[in-house]
Amino acid sequence: MAVTYYHPEWGASRPIRGILFDMDGLVLDSEVLYTRFWREAAVSLGFPMTHEQSLGMRSLGQKLGQPYLESLFGPSVDYTTLRSKRVELMEAWVTDHGIPPKPGIFELLDYMDEHGIAAAITSSSPMESIQGHLSAVGLLHRFRKLCSGHDIPNGKPAPDIYLLGAKELGLDPSECLALEDSPTGILSAYRAGCLPVMVPDLDQPGEDTAQLLYARADSLTDIIAILKAQNGHQ
């Protein structure tokens, strides 16, 4: 387990008072399901989406998802129709199998509670999904605030969701770590003025994303090391 700092100077003399958590692929081991069912939904509707193309759908709402899909398959593709099929297929699978939490999330939240560090979810998913998926694994009550990308004008990579998360916790974005597993989410957190930390799930940060990172952690457990260093905890 390890932490790699890309821009340690960004966090100099800056205590962390809150952590803003992406949900899919970060708190829950669900990103692999999203990529799988975006792909299966697309294929079922006649659009041969590859695994690499499905990765590009992460954190994209209709506003950015539609032009992205059109860049792949032309103007005949409809984001809303494809997303509805993806939801249908994925919800049927989740009903039977559930979505497990990512390793280390309970340990990290326990440490945060012990040291008075606030936690919020900042997810692109609808609120109903956030509440249902977190409740199923006993995590719903562990977050002070839940923020959905469906309740803001602009989804990731715009900064709106992270600005909202910090505001809901009563904090300045500069006082918050933002934990993400995707380049789109990292860009959103960076634009909001948070300290972006990537905990990779399906891929490692590329050169462009690395320029936006405060740090990369191998696991959620490693975030505790960042908090200890940043806040002077033992």
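Proline 157 sits in the loop that runs between strand E4 (145-148) and helix H7 (residues 160-168); helices (H or I, at least four residues) and strands (E, at least two) are DSSP runs, numbered from the N terminus. The peptide bond leading from lysine 156 into proline 157 is cis, with omega near 15 degrees. Most peptide bonds are trans, and most residues other than glycine have a negative phi. The structure is a predicted model, in which local features need pLDDT of at least 70 and side-chain atom pairs count only at pLDDT 80 or more, while totals for chains, interfaces and linings use all residues. Residues are numbered from 1 along each chain as its sequence is written, and side-chain values use heavy atoms, with hydrogens and water left out.

Helix H7 comes next. Its buried residues (under 20% relative accessible area; exposed is over 50% and partly exposed in between, with a 1.4 Å probe and protein chains only) are Asp160, Ile161, Tyr162, Gly165 and Ala166. The cover over these residues includes strands E2, E3 (118-123), E4 and E5 (176-180), together with helix H8 (183-192). Just after H7, glycine 170 adopts a positive phi of about 75 degrees.

Leucine 60 belongs to the loop between helix H2 (51-55) and H3. With a relative accessible area of 14%, leucine 60 is buried. The C-alpha atoms of leucine 60 and histidine 150 are 11 Å apart, although 90 residues separate the two along the chain.

A pocket is defined on a 1 Å grid over the protein atoms alone, as an open set of points where a 1.4 Å probe fits, with protein on both sides within 12 Å along at least five of seven lines; lining residues have an atom within 4 Å of a point. The largest pocket holds about 850 Å³ of space, a volume being the space filled by probe spheres set on grid points joined across faces, edges and corners. Of its 39 lining residues, Arg83, Ser124, Ser125, Pro126 and His150 lie nearest the centre. Helices H1 (31-44), H3 (62-73), H4 (79-97) and H6 (127-136) each give two or more residues to the lining, and H4 provides the largest share, eight residues. By class, the lining has 13 nonpolar, 16 polar and 10 charged residues (Ala, Val, Leu, Ile, Met, Phe, Trp, Tyr, Cys and Pro count as nonpolar, Asp, Glu, Lys and Arg as charged, and the others, Gly among them, as polar).

Two of these helices, H3 and H4, pack at an angle of about 100 degrees with their axes 9 Å apart; axes are lines fitted to C-alpha atoms, for helices over the stretch in contact, and angles run from 0 to 180 degrees between N-to-C directions. H3 is therefore roughly perpendicular to H4 (65 to 115 degrees; under 35 is roughly parallel, over 145 roughly antiparallel and the rest oblique). Gln62, Gly65, Gln66 and Leu69 of H3 meet Tyr79, Thr80 and Leu82 of H4.

Tyrosine 5 touches Tyr214, Ala215, Ile226 and Ala229, leaving aside residues up to four places away in sequence.

Note on methods. Contact = heavy atoms within 4.5 Å.
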